[in-house]
Amino acid sequence: MKNEDLLVMKKKVVIGLSGGVDSSVAAHILIEQGYEVEALFMQNWNDTVGLKSEECPFEEDVLFAQMVAKKLGIPFHFVDLSVEYRAKVIDYMFSEYEKGRTPNPDVLCNREIKFDVFLKKAVELGADFVATGHYCQKETIIKDGKEIYRLIAGEDKNKDQSYFLCQLSQEQLSKAMFPIGHIVKPEVREIARREKMASAEKKDSQGICFVGKVDLPVFLQQKLKAMKGQIIEIMADKADEIIPKSEALADISQPYHFKPEHGTVVGEHIGAHFFTVGQRKGLNVGGKKEPLFVIGTDVVKNIVYVGMGHGHPLLARKALFIPKKEVHWIREDLRPTEECERRYDIRIRYRQPLQKGTIYFKEEGIYILFDEEQRAVVSGQFAAWYDEGELIGSGVID
């Protein structure tokens with residue numbers, strides 16, 4: 001046996017076994033590679049408020065995880081992180097929605113829970129590394145005598161989940177492993193079937209990370225009050241009055257500013273903070289030739305502004321801004337040391353095809369100017385920038 005093989009066998013990997021097919025196959029691959037593998041299931045939520053009636057994710061997931069661990073012959077551990085999850089993810093969600101912004105709990109869950117609190121629990125079990133079933137890849141390079149960790153898009157472009165990891169640090173990546181990042185989803189399913197895993201045909205989880213499918217307004221009403229307000233429709237021909245005439249980055253990168261006099265009242269809603277730009281469902285306004293979409297919200301005046309049609313001009317923006325304090329670099333070695341501009345591929349939501357654009361690095365933060373207008377640029381979401389498939393950095397959209 002080679003020395004490097006002996007080294008691998010001495011390494012312990014704790015896999016975040018969720019009960020789904022992806023983490024199940026990830027665990028199997030690690031075992032085949034010769035690692036000492038243990039499973040750790042985390043419970044992050046135990047409240048059913050707002051959950052769809054047919055959903056009971058925790059009870060089913062833990063059962064599947066136990067069956068998979070038994071099948072693979074690896075130790076199974078359980079940890080309750082619901083207190084930390086509520087404090088670090090859910091409370092942040094409520095705070096952002098209250099401000100009229102739309103957070104991404106999955107990104108927060110990875111940064112604050114899976115690769116922080118969970119990682120520390122895994123280290124307590126003696127882990128050298130923590131593995132997950134994410135569809136992304138990690139590479140290690142040496143630069144100026146120092147190890148640098150690269151976060152690279154998954155081989156399966158339809159399932160690439162690198163965006164959800166856009167807030168990880170070099171320290172977090174140093175302990176991370178993504179065993180299925182180099183294979184595609186159909187192959188993952190086939191491996192699970194071949195190994196007769198209980199999770200082989202289990203549907204992928206949906207909804208908020210570790211919470212499941214929720215009725216969002218009901219879920220948010222745990223802390224945010226329902227308040228009747230006006231839905232105001234703004235016609236497309238009003239766009240010239242609202243879109244800035246200036247081409248300055250500081251002007252075109254800001255959300256549009258709407259006023260009640262720009263449009264006509266067409267309905268009522270139960271709270272502007274329950275809606276987000278680009279949303280169609282939940283407006284309950286009929287009699288229109290085309291669907292209405294949310295083009296803006298005002299949580300102070302409790303107004304939801306809407307426009308008719310998928311191509312409404314006020315649904316699109318050319319640029320966005322990320323304040324300096326919200327800019328995060330995975331590749332700290334690539335952070336500019338002075339004001340400059342660089343070309344990158346950019347993504348502003350999960351599964352969005354990468355968009356070409358220029359990032360302007362300024363003292364106050366960064367401006368992203370897209371080659372083509374982007375639909376539904378949402379405050380509170382994350383913009384991530386890539387270079388030839390490698391995720392370089394990210395930040396919260398202002």
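Which residue in S11 is the bridge partner of Ile232?

## Starting point: a pairing in the sheet

That partner is Tyr305, which sits in S11. Keep in mind as you read on that this is a predicted model.

Ile232 and Tyr305 pair up within an open sheet of 4 strands, ordered S9-S8-S11-S10, with mixed pairing. The edges are taken by strand S9 (264-269) and strand S10 (292-298), each of which pairs on one side only. On average, neighbouring strands in this sheet are turned by 30° against each other, ignoring direction.

## Walking across the sheet

S9 and S8 pair in the antiparallel sense, with 5 bridges between them. One place to look for this pairing is Gln230, whose bridge partner in S9 is Glu268. Strand S8 itself (residues 229-233) is mostly covered, with 4 of its 5 residues buried.

On to the next pair: S8 and S11 run parallel and are joined by 4 bridges.

## Two helices side by side

Now for some helix packing. Helix H4 (residues 82-98) packs against helix H5 (residues 105-124) at an angle of about 160°, and their axes are 10 Å apart. Angles over 145 degrees count as roughly antiparallel, so that is the label H4 and H5 get. The crossing of H4 past H5 is right-handed.

Who touches whom? From H4, the contact takes in Glu84, Tyr85, Lys88, Val89, Tyr92 and Met93, while H5 brings Pro105, Leu108, Cys109, Glu112, Ile113 and Val117. Sorted by class, this contact has 9 nonpolar and 3 charged residues, and no polar ones.

Val25 lies in helix H2 (residues 21-32). Is Val25 buried or exposed? With a relative accessible area of 0%, Val25 counts as buried, because the cut-off for that label is under 20%.

As for its surroundings, leaving out residues up to four places away in sequence, Val25 touches Ile180, Val188, Ile191, Ala192 and Met197. There's a sequence-versus-space contrast here too: Val25 and Glu195 are 170 residues apart along the chain, yet their C-alpha atoms are 9.0 Å apart in space.

## Two loop residues with positive phi

Asp144 isn't a glycine, but its phi is positive at about 55°. Asp144 is found in the loop between strand S5 (136-143) and strand S6 (146-153). Its relative accessible area is 79%, so Asp144 is exposed.

Glu388 is the other one: a residue other than glycine, with a positive phi near 50°. Its place is in the loop between strand S17 (382-387) and strand S18 (390-396). Glu388 has a relative accessible area of 77%, so this residue is exposed. The cut-off behind that word is over 50%.

How values were computed
Residues numbered from 1 in each chain as written. Predicted model: local features only at pLDDT ≥ 70, side-chain atom pairs only at ≥ 80, totals over all residues. Heavy atoms only, no water. Buried < 20%, exposed > 50% of the residue type's maximum accessible area, 1.4 Å probe, protein only. Pairing = 2+ DSSP bridges. Axes fitted to C-alpha atoms, helices over the stretch in contact; angles between N-to-C directions. Parallel < 35°, antiparallel > 145°, perpendicular 65-115°, else oblique. Left-handed = near helix turned anticlockwise from the far one by under 90°. Contact = heavy atoms within 4.5 Å. Nonpolar A, V, L, I, M, F, W, Y, C, P; charged D, E, K, R; others polar.
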